[in-house]
Amino acid sequence: MKQTQTEHQEAGAEQTGPGQIEQRENAAMQRKSGQPQSWRAYIEQTMPTQEAAAKAVAQTQPQRRPRKSRGAKAAGEKAGALSTPVRETAARVKAQAEKGGNARAAGEKTGALSAPVRETAAKVEVQAEKGGNAKAAGEKAGALSAAAKETAAKAAKGGLKGLEAAWEKVSSLTAEGWDRMGQATGKVRSVVARHPISPLFYVTLVTVIVGAAIFNGSYTRAYAVSVNGQSLGVVSSPDEVDSIVSNVESRAADVLGESYDYDADIDTIPVYITPDELSDTTQIEDTLFEGVGAYMTAYAISVDGTELGRAATKDELYQMLDEVAQPYIPEDAIRYEFMEDVQVYPIEVPANTQFDTQAVRETLSALEIEQATYEVKKGDTFNAIAYSLDMWPNDLSVLNPDVIVDKLWVGQELVIQQAVPYLSVKVTTDETYEEVITSPVEYIETADLYVGDTKVKEQGEDGLALVNAQVIYVNGVEMGRNVISTTTLQEATTTYTYTGTAPRPVTASNGYFIWPVRGTITSNFGGRNLWGSYDFHLGLDIACRTGTGIKAADGGTVIKAGWSGSYGYLVAIRHDNGIVTYYAHNSSILVSVGQKVYQGQIIAKAGMTGNASGPHCHFEVRVNGTSVNPRNYL
């Protein structure tokens with residue numbers, strides 16, 4: 001029951017005299033009636049009695065000159081005169097202060113102490129509130145008696161029960177103290193009965209609240225993400241996981257070109273972490289996307305930097321290359337390669353990619369260049385033809401192995417390019433073969449021969465060698481060879497040959513033929529149909545106007561000059577190498593038998609005598625009496 005302000009004033013006005021007895025009687029009556037007295041009223045009632053007791057004690061002791069002191073130390077000195085029980089009570093106050101209780105609470109619980117003790121406690125409280133801690137205040141109160149310190153410590157440690165014990169010890173100071181202590185104890189028990197909650201509960205509650213605040217400030221709720229049992233990281237919310245999955249599905253759909261549903265087993269577990277422990281969602285997304293398998297590793301093939309196609313494995317492409325090269329690889333090949341820059345390399349492609357390997361195979365096997373020919377024209381030479389086609393003469397010769405480069409004729413066809421594969425195959429072979437060792441020639445000069453002419457005196461024999469070489473072919477055509485070793489099987493013997501020193505006359509043979517006249521070839525060497533019947537033509541018919549000069553193809557001696565049946569007017573010349581040339585169907589003859597002629601000399605005039613359908617020159621070449629194709633000598 002709360003005491004009113006009027007009741008407090010009345011109690012204060014009756015501090016001395018017989019009224020005190022009435023107050024005690026009233027207090028006793030209140031206790032008997034069961035009406036609790038307030039703590040404040042109790043303190044106010046007991047203060048006059050305690051002050052009177054303190055004055056009586058002060059009169060029995062010598063007077064001391066007061067000394068000015070501040071803080072808890074001064075309070076301790078003032079309380080030095082207290083009895084042993086008071087010191088024990090002060091010690092308990094100190095212990096309670098050290099454990100976190102404030103000096104004010106301890107002072108209220110020891111309200112039965114005398115006025116000096118209460119003053120000291122109040123000063124200790126003020127000192128603690130000004131910045132000193134409770135522990136320091138207790139140390140400065142060291143002048144308190146041992147009994148007061150012990151009593152205060154037990155009161156602080158034992159809570160309300162300790163306070164009750166302290167009241168019992170303090171009440172031993174005087175008979176009146178026991179009565180007051182009983183009253184206070186009753187009030188405390190009444191409070192505890194009405195509020196049966198231990199102070200430790202409030203301490204625990206505050207500790208929990210403070211700990212929760214610290215925990216919430218340091219940690220945050222998050223979710224650990226795992227896929228098929230594999231941990232990926234930690235995100236802030238389940239919605240973030242949904243967003244990641246949505247992004248993965250969108251990326252997979254873009255790659256595959258079709259919708260994609262991510263159906264992996266994703267688990268989220270609530271956890272508490274510090275904010276800096278959250279994972280990077282981009283990394284989690286990339287990890288999930290890699291597990292989707294939207295991409296696969298395939299292999300592409302390129303030629304000179306141009307990609308031709310793709311296959312699921314590199315073995316498929318290597319097999320295609322082997323198929324292309326196989327026709328050009330002989331049994332003794334030691335290695336092969338392509339002239340072009342061929343690359344097989346891995347690439348990332350969508351997992352649902354379909355590969356057309358047949359198209360790649362057809363491209364690699366196709367022919368890149370079709371065969372082409374060139375027709376020889378008047379005035380052409382072999383080298384001039386090659387240079388005009390931006391080729392080397394040797395390259396043109398490789399394309400035309402049967403052509404004699406010094407004996408071209410008008411209308412002859414030369415191969416200037418041929419069909420080659422898309423990939424040119426270069427093969428290196430290891431070959432061992434027998435090779436003829438040409439008989440060495442030793443020349444003997446003689447004036448019986450013209451300069452440039454030779455005659456064998458003694459013919460030697462060729463030798464034989466075993467050769468080991470590495471030969472290089474490109475598309476089956478030999479491009480070069482490197483001789484590794486040579487072993488002689490048979491030695492060659494020397495050939496002795498005469499060489500002429502006499503000046504060559506103009507009429508001497510040069511060893512090659514020039515065209516006797518320029519014109520259109522109307523009939524070639526070989527079989528033909530003439531006037532409805534088949535015959536074999538022994539030479540070339542070169543059309544020209546009547547009277548055109550006919551030249552000697554080479555220097556020599558005239559062996560025929562006159563009429564000769566179907567040839568009409570004929571001129572025949574034997575050359576120094578034994579070959580004979582015929583010039584027929586002439587309108588007139590300008591040389592005679594036995595006459596020496598030189599190369600290019602006019603020996604007759606063109607006509608159409610004998611068996612001829614028009615003016616022309618029949619040119620014929622005979623070797624050992626047999627007609628041969630003049631084109632091979634012109």
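## N-terminal cap of helix 14

Aspartate 280 caps the N-terminal end of helix 14, with a side-chain oxygen placed 3.1 Å from the backbone nitrogen of threonine 282. The model is predicted, so local features need pLDDT of at least 70 and side-chain atom pairs count only at pLDDT 80 or more, while totals for chains, interfaces and linings use all residues. Residues are numbered from 1 along each chain as its sequence is written, and side-chain values use heavy atoms, with hydrogens and water left out.

Just after helix 14, glycine 293 takes a positive phi of about 75°.

## Buried and exposed faces

The buried residues of helix 14 are Ile284, Glu285, Leu288, Phe289 and Val292, where buried means under 20% relative accessible area and exposed over 50% (1.4 Å probe, protein chains only). Seen down the axis of helix 14, these buried residues fall within an arc of 135°, so they line one face of the helix. On the other side of helix 14, Gln283, Glu290 and Gly291 are exposed.

## Cysteines

Zero disulfides are found in a search of the whole structure, a disulfide being a pair of cysteine sulfur atoms within 2.5 Å. The sulfur of cysteine 544 is 6.5 Å from the closest cysteine sulfur, in cysteine 617, which is too far for a bond. Cysteine 544 counts as buried at 12% relative accessibility, and cysteine 617 counts as buried at 0%.

Definitions and conventions. Helices (H or I, at least four residues) and strands (E, at least two) are DSSP runs, numbered from the N terminus. The arc is that of the directions from the helix axis to the C-beta atoms. A polar contact is a pair of N or O atoms within 3.5 Å; within protein, one must be able to donate a hydrogen and the other to accept it, and residues adjacent in sequence count only if both atoms are side-chain atoms.
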